[in-house]
Amino acid sequence: MGIVAWILIGLLAGFIAKALMPGKDPGGVIITMLIGVAGGLLGGFLGKVIFGVDSIDGFFDLSTWIAAILGSVILLAVYRLVTGKRHHSHA
């Protein structure tokens, strides 16, 4: 799969992750979409390392989307933890 396909999957995965984890995030939509792109790559990597599955079989493959969405949810949660603690310490 090409980089353009991964970016598109990541953007959509970030949108889905945001829908699964509603709330106000510092940085807004752009940061959430970038987290989605990175989460898609993280999900593909974790799927390969942990389960030995090649989760980047194709754009329309369900495992690709599940890996991208799970990676995005993980990164969004970590992002919220990091920015939330930093935000509260300045208050």
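Helices (H or I, at least four residues) and strands (E, at least two) are DSSP runs, numbered from the N terminus. Ala 19 is found in one such run, helix H1.

The structure is a predicted model, in which local features need pLDDT of at least 70, side-chain atom pairs count only at pLDDT 80 or more, and totals for chains, interfaces and linings use all residues. Residues are numbered from 1 along each chain as its sequence is written, and side-chain values use heavy atoms, with hydrogens and water left out.

**Overall fold and confidence**

The protein chain has three helices and zero strands, giving the pattern α-α-α along the sequence. Confidence is given as pLDDT, the predictor's value for each residue from 0 to 100. The mean pLDDT of the protein chain is 75, and 76% of its residues reach 70 or more. Helix H2 (residues 28–51) has the lowest mean pLDDT among the elements, 77, while H1 has the highest, 81. Where pLDDT is low, the predicted coordinates should not be read in detail.

Contact means heavy atoms within 4.5 Å. Of the contacts between residues at least 6 apart in sequence, 72% join residues at least 24 apart.

**Core**

Buried residues (under 20% relative accessible area, with exposed over 50% and partly exposed in between; 1.4 Å probe, protein chains only) make up 33% of the 91 residues. A nonpolar core is a set of buried Ala, Val, Leu, Ile, Met, Phe, Trp, Tyr and Cys residues joined through side-chain atoms within 4.5 Å. The largest one has six residues: Trp 6, Ile 9, Ala 13, Trp 65, Ala 68 and Ile 69. Helices H1 (3–20) and H3 are the elements that give two or more residues to this core. Apart from neighbours within four places in sequence, Ile 69 is in contact with Ala 13, Ile 16 and Leu 20.

**Surface**

The accessible surface (Shrake-Rupley method, 1.4 Å probe) of the protein chain comes to about 5700 Å², and 78% of this belongs to carbon and sulfur atoms.

Val 82 lies in helix H3 (residues 62–89). Because its relative accessibility is 49%, Val 82 counts as partly exposed. Leu 8, in helix H1, is also partly exposed because its relative accessibility is 42%. Ala 19 is exposed, since its relative accessible area is 56%.

**Distances between helices' residues**

The table lists two C-alpha pairs.

| C-alpha pair | Separation along the chain | Distance |
|---|---|---|
| Leu 8 and Gly 36 | 28 residues | 9.4 Å |
| Ala 19 and Val 73 | 54 residues | 9.9 Å |
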